Amino acid sequence: MADCKLMKELKDITECPICKETISQPKTLPCIHTFCLKCLDQYGKDKQPGNKMSCPVCRTQFNVPDGGYSSLPNNFFIEKLLDAQKLSRGEEVKKCDVCLYTSESSDG
């Protein structure tokens, strides 16, 4: 029962408020709301770098970064929660460069 509730909470936290799917490439706005990169690209497709745009959730205004939405900060916390979801389903999680280096070093 507790596992089911935990999985529901994880699903709620890792759901994109725009597409209602599991967040992919989580990007964080200055207001700290997080969305899929593809959803932000679609949501703000008529905005150019430097233009003001509102957060889809709280309507807080921010400037579209010079490098576009892909240059917004990654939400590493959400990425870790996504990894936890994958592990709970028995899926393999992609290792970071440090983990790959550490496992290669200990093999030899």
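## Basis of the values

The model is predicted: local features need pLDDT of at least 70, side-chain atom pairs count only at pLDDT 80 or more, and totals for chains, interfaces and linings use all residues. Residues are numbered from 1 along each chain as its sequence is written, and side-chain values use heavy atoms, with hydrogens and water left out.

## Fold and surface

The protein has 4 helices and 4 strands, where helices (H or I, at least four residues) and strands (E, at least two) are DSSP runs numbered from the N terminus. Read from the N terminus, the order of elements is α-β-β-α-β-β-α-α.

Of the 108 residues, 28% count as buried. Buried means under 20% relative accessible area, exposed over 50%, and partly exposed in between (1.4 Å probe, protein chains only). The protein exposes about 7,600 Å², and carbon and sulfur atoms supply 55% of that area; accessible areas come from the Shrake-Rupley method with a 1.4 Å probe, and for residues only the protein chains shown count as cover. Among contacts (heavy atoms within 4.5 Å) between residues at least 6 apart in sequence, 39% join residues at least 24 apart.

## Cysteines

A disulfide is a pair of cysteine sulfur atoms within 2.5 Å, and by this rule the count comes to 0. The cysteine sulfur closest to that of C36 belongs to C16 and lies 3.8 Å away, so it is too far for a bond. C55 is also in no disulfide; its nearest cysteine sulfur, that of C31, is 3.6 Å away.

C36 counts as buried, at 0% relative accessibility. C55 is buried as well, with a relative accessible area of 0%.

## Salt bridges

Side chains of opposite charge can pair when their charged atoms come close. The structure holds 2 salt bridges, each defined as a side-chain nitrogen of Lys or Arg within 4 Å of a carboxyl oxygen of Asp or Glu.

One joins the side chains of K8 and D12 at 3.1 Å, N to O. K8 and D12 are 4 residues apart in helix 1 (residues 2-13), so about one helical turn separates them. D12 is partly exposed, at 40% relative accessibility. Another salt bridge joins K11 and E15 at 3.7 Å, N to O. K11 is partly exposed at 46% relative accessible area, and E15 is partly exposed at 25%.

## Surroundings of Q85

Q85 lies in helix 3 (residues 76-88) and counts as buried, at 5% relative accessibility. Leaving aside residues up to four places away in sequence, Q85 touches L10, K11, T14 and T22. Of these, K11 also takes part in the salt bridge with E15.
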